[in-house]
Amino acid sequence: MNNAVSGFSKLSKEDKINWIASTYFSNPDHAVATIKQYWNSDSKLQQLHDEFIENTITNFYLPMGIAPNFLVNEKYFSIPMVIEESSVVAAAAKSAKYWSSRGGFKASVLSSEKIGQVHFIYKGDVKKLEDFFQKIKPKFFDATESITKNMQKRGGGILDITLQNKTQELANYFQLHVTFETKDSMGANFINSCLEQLAKTLKAEAQENSFFTEEEKNLQVVMSILSNYVPNCIVRAEVSCKVEELAEKNIENPQEFAEKFVQAVAIAEVEPYRAVTHNKGIMNGVDAVVLATGNDFRAVEAGVHAYASRNGKYSSLSHAKIENGIFTFWMEIPLALGTVGGLTSLHPLVKMALEILGKPSSHELMQLVAVTGLAQNFAALRSLTTTGIQEGHMKMHLNNILNQFQATKEERIAITKHFENNTVSHASVVELIENLRK
């Protein structure tokens with residue numbers, strides 16, 4: 001295709017599919033059949049999915065699994081996880097079972113403050129702007145009353161508004177820095193609506209301020225938008241036990257294991273190349289639950305990785321120590337999540353996931369997401385410091401390779417038996433399949 005397409009969004013769904021099939025595939029009929037194969041047979045349910053985004057042609061499936069036996073704050077949970085990567089759910093479940101007999105996970109929300117900003121350019125006397133802000137600050141709350149009224153009834157709303165002078169970083173740049181409490185809602189639409197009203201009020205009041213010059217009156221609002229960096233919306237998750245209680249089949253010397261584990265975390269604290277992979281393992285667990293519960297994993301990822309860099313160098317999100325014979329493994333991460341609004345009330349599987357979790361509040365969901373991330377991190381570090389991570393991962397990956405080559409039932413039995421005592425690799429599996437088929 002060498003030409004742009006015109007009016008694609010205005011085409012019907014059928015016409016979009018036919019255009020895609022005829023433009024990009026040598027066998028258009030097969031392409032159309034594949035696309036339609038993933039449609040839901042319930043037309044109303046399919047329409048619901050079609051309307052989540054624009055230019056929809058089909059549904060893209062990801063597996064939804066369950067990691068059971070999570071003992072969190074003395075209560076058991078089964079955690080729904082949506083992810084395509086082999087071994088993640090199994091690893092989380094294994095960690096959950098391991099810690100369920102060692103006191104379980106402890107989790108708490110340390111704070112739940114969210115942030116939005118009105119970014120604007122002001123060319124003039126800074127002292128006059130500061131005096132002006134203090135004078136009109138109550139009007140900001142009055143102007144947003146109609147937007148915040150229902151949120152205030154639930155105990156949320158705008159917590160504070162401050163004027164930030166950023167002129168040292170960028171000429172004439174200021175912002176209204178606004179903090180929010182959105183309770184069980186993630187709150188993006190609420191926050192952005194408030195910010196846009198604050199921007200209107202700021203501009204209108206500036207025009208009416210008799211102490212400003214004409215240039216000062218015409219301050220320029222550049223944009224009004226929430227921030228996905230929420231360093232004051234923090235949840236803590238941890239596990240701890242006596243060092244000797246760490247013993248299990250692959251941990252014959254618990255003291256040696258604990259010391260090696262702490263050292264592995266310490267490496268991730270100081271070495272960014274390791275920290276990125278270390279934290280990615282945490283996010284395997286975090287993202288999977290965030291997706292299952294209809295939350296925005298991209299916003300969570302952005303905020304978490306910014307938090308990992310908050311001290312000027314990218315570092316581990318989790319930490320470990322041994323004190324007085326007690327092994328402790330913990331992390332604190334920012335999570336802005338919601339259990340009402342968005343997909344939570346629309347997507348049937350999201351509603352089911354929240355039901356499985358016991359219809360949690362946003363604070364409870366923050367805790368469950370965090371412990372899943374910590375469990376995933378523990379599983380990875382336990383493998384890395386004992387048997388190595390590839391043994392279990394490649395055995396899980398074996399199924400994907402067998403599916404790729406459409407292995408028969410008999411071939412699967414023979415191949416699985418062979419790799420009970422042999423190292424799995426893509427090349428070795430392919431070689432065995434080819435030998436079996438000769």
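Is Asn324 buried or exposed? Asn324 is exposed, with a relative accessible area of 81%, where exposed means over 50% relative accessible area, buried means under 20% and partly exposed lies in between, for a 1.4 Å probe and protein chains only.

## Basis of the model

This is a predicted model, in which local features need pLDDT of at least 70 and side-chain atom pairs count only at pLDDT 80 or more, while totals for chains, interfaces and linings use all residues. Residues are numbered from 1 along each chain as its sequence is written, and side-chain values use heavy atoms, with hydrogens and water left out.

## The chain as a whole

The protein chain has 16 helices and 10 strands, these being DSSP runs numbered from the N terminus, with helices of type H or I and at least four residues and strands of type E and at least two. Along the principal axes, the C-alpha atoms of the protein chain fill a box of roughly 90 × 70 × 40 Å. Of the 438 residues in the protein chain, 44% are buried. Among contacts (heavy atoms within 4.5 Å) between residues at least 6 apart in sequence, 70% join residues at least 24 apart.

## Helix α13 and its partners

Two packed helices are described by the angle between their axes and the distance between the axes. Helix α10 (residues 272-292) packs against helix α13 (residues 362-384) at an angle of about 135°, and their axes are 7 Å apart; such axes are lines fitted to C-alpha atoms, for helices over the stretch in contact, and the angles run from 0 to 180 degrees between N-to-C directions. The two helices α10 and α13 are therefore oblique to each other, given that angles under 35 degrees count as roughly parallel, over 145 as roughly antiparallel, 65 to 115 as roughly perpendicular and the rest as oblique. Residues of α10 including Arg274, His278, Ile282 and Val289 meet residues of α13 including Val369, Thr372, Gln376 and Leu381. By class, the contact of α10 with α13 has 7 nonpolar, 8 polar and 1 charged residues, where Ala, Val, Leu, Ile, Met, Phe, Trp, Tyr, Cys and Pro count as nonpolar, Asp, Glu, Lys and Arg as charged, and the others, Gly among them, as polar.

Helix α4 (residues 88-100) also meets α13, with axes that come within 8 Å and cross at roughly 95°, which makes α4 roughly perpendicular to α13. On the α4 side the contact is made by Val88, Ala91, Ala92, Lys94, Ser95, Tyr98 and Trp99, and on the α13 side by Ala375, Gln376, Phe378, Ala379 and Arg382. This contact of α4 with α13 has 8 nonpolar, 2 polar and 2 charged residues.

## Aromatic pairs

A search of the whole structure finds 20 aromatic pairs, where rings of Phe, Tyr and Trp (its six-membered ring) pair if their centres lie within 6.5 Å, and planes under 30 degrees apart count as stacked, over 60 as edge-to-face and the rest as tilted. In one of them, the rings of Phe180 and Phe190 have centres 6.0 Å apart and planes at 80°, so the pair is edge-to-face. Phe180 lies in strand β6 (residues 173-181) and Phe190 in helix α7 (residues 188-208), 10 residues apart. Phe180 counts as buried at 0% relative accessibility, and Phe190 counts as buried at 12%.

The rings of Phe257 and Phe378, with centres 6.5 Å apart and planes at 80°, also form an edge-to-face pair. Because Phe257 lies in helix α9 (residues 254-270) and Phe378 in helix α13, the pair ties together parts that are 121 residues apart in sequence.

## Loop residues with positive phi

Asn324 is placed in the loop between β9 (318-323) and β10 (326-334), and its phi is near 55°, a positive value in a residue other than glycine. Ser87, in the loop between β2 (75-82) and α4, has a phi near 80°, likewise positive in a residue other than glycine. Ser87 is buried, with a relative accessible area of 18%, whereas Asn324 is exposed.
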